[in-house]
Amino acid sequence: MPSTKEIKNRIKSVSDTQKITNAMYLISSTKMRRARKEAEETKPYFDLLRKEIRRMFAIEGGEVHSRYYDADVDENVAGGRNGILVITGDKGLAGAYNQNVIKESMELMDKSDEYRLYVVGDFGWRFYRTHGYPVCEDFQHSMNQPSLAMARDITRELLDDFDDGLFDRLYVCYTEFSGGLSFGTAMHDRLIPFDRDDFVPEGEETDVNASTVFEYEPDVKTVLERIMQSYLVGYVYSALVNSYSSEQSARMMAMDSANDNASELLGQLKLEFNHLRQNAITQEITEISSGARSLRNKGN
Amino acid sequence: MATFKLHFMASDHMVYEGDAESVSVMTTEGSIGILAYHSNLIMAVVPGIVEYVPAGKGAEAAGMTGKQISVVSDGLLKVENNDVMILVDTAENPEEIDEARAKRAEEKAREDLKRANSNRDVALASAELSRALSRIKASKSKHHL
């Protein structure tokens, strides 16, 4: 049976921990809100960009060929030399968030004949290194807070390696944010080469006026290649923001349940503490009264 | 003077939306000037300067008179039926450039600081951070003068 002092200490340490988990919950919710807000602001730009690319494909698509987009690549066959960009968090304590996206990347690695691993976020970085996976050493980005500048740096580094012929296809493993308090869904998308069909979704073609004739200077291919890079930045950025939001949301959930557990534990401990105190009092009274009785008996 | 609609948008904010008399943009083919009723055109924008002359009541109300200058990075220029759209990754007013650069330096320094391994790294990164912060402060106070 623990002493009242021991229980008191435990109550204190549990409620201190609860303060921390509660604070982490609040921090995560603020961080998430801020990231979503910044991402909202860039949405109109990338929507317009996507629309223009779609229009160019709709009008000139048949004659355009480039290494950035290729209609012949089958999505389901992932063999070959792949570049894999994995987006993890900086820290743990976020439920299965990091594990899920790492598992997703492992599946992709198994399918590849050869791969190069680009890792964003310290957690994933440490994980792959300690488990002996070949990580690109000079590709270092922390998941502190996703920004457009960061997405731009990442895209530039990846495109440099792509241009140097280090890989033929580029995949990104990230966590799609599903809103509210939930773990996102870990998934992978192919970034390069683009699937032309991505830009011609069904039912959306009505807003593209294909009858307008444009002059392209110097030619469609040059213009497309240039804006494709901007589009890639947008894609990477949205993957970053989605992952970041999922991470914060996962952490909120983890902290929420930690809070609940702490409350439950505190309840039990307090009950136990009161029992003990009550027992001690009862025992003391019994001792005093029996002592008094024996004194009285002696007097007689 | 005849005007056209100009939508000038950077990835994180709208630079200008409204009527304009002229705009000049750097493209892969060199600098190009656009007036009203230009033929339909799509070109790639390269880093450089965009100059535009706003017109109409909206521009006057916003205190935009005469030529406006913006420094842009890569992007897209589209002219469609007297409607000009400029989409660029980044656009900054000349006086904002120092601040934007300093902000990026700050972000970078904070990231370096987080993953610094040795005392030396920490010292270097925090020096870089304080430099960036004082640059931001200086450029902010410049605006208020």
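**Note on the predicted model: sheets, helices, domains and a pocket**

1. A hairpin of two residues leads from β2(B) into β3(B). Here strands (E, at least two residues) and helices (H or I, at least four) are DSSP runs numbered from the N terminus. The two strands, β2 (residues 14-27) and β3 (residues 30-35) of chain B, run antiparallel and are joined by six bridges; strands count as paired if DSSP finds at least two bridges between them. Within this pair, Ser24(B) faces Gly33(B) of β3(B).

2. This is a predicted model, in which local features need pLDDT of at least 70 and side-chain atom pairs pLDDT 80 or more, while totals for chains, interfaces and linings use all residues. Residues are numbered from 1 along each chain as its sequence is written, chains are lettered from A and ligands numbered from 1 in the order in which they are written, and side-chain values use heavy atoms, with hydrogens and water left out.

3. Chain B is divided by its domain assignment into domain 1 (4-92) and domain 2 (95-144), the bounds coming from an automatic or database assignment. Taken over C-alpha atoms, the centres of domain 1 and domain 2 of chain B are 31 Å apart.

4. Chain A contains an open sheet of four strands in the order β2-β1-β3-β4, with mixed pairing. Because β2 (114-120) and β4 (185-192) of chain A are edge strands with a single partner each, one side of each has no neighbour in the sheet. Neighbouring strands are turned by 25° against each other on average, direction ignored; axes are lines fitted to C-alpha atoms, for helices over the stretch in contact, and angles run from 0 to 180 degrees between N-to-C directions.

5. Strand β1 (residues 81-87) of chain A runs parallel to β2(A), with seven bridges between them. Val86(A) has Val119(A) in β2(A) as its bridge partner. Helix α4 (residues 148-163) of chain A packs on the sheet, touching β1, β2, β3 and β4 of chain A, and its direction makes about 165° with that of β2(A); contact means heavy atoms within 4.5 Å. Helix α2 (residues 97-111) of chain A also lies across β1, β2, β3 and β4 of chain A, at about 155° to β3(A).

6. The lining of the second largest pocket draws at least two residues from each of α1 (4-60), β3 (169-176) and α5 (220-299) of chain A. A pocket is an open set of points on a 1 Å grid over the protein atoms alone, where a 1.4 Å probe fits, with protein on both sides within 12 Å along at least five of seven lines; lining residues have an atom within 4 Å of a point. The largest contribution to this lining, eight residues, is from α1(A).
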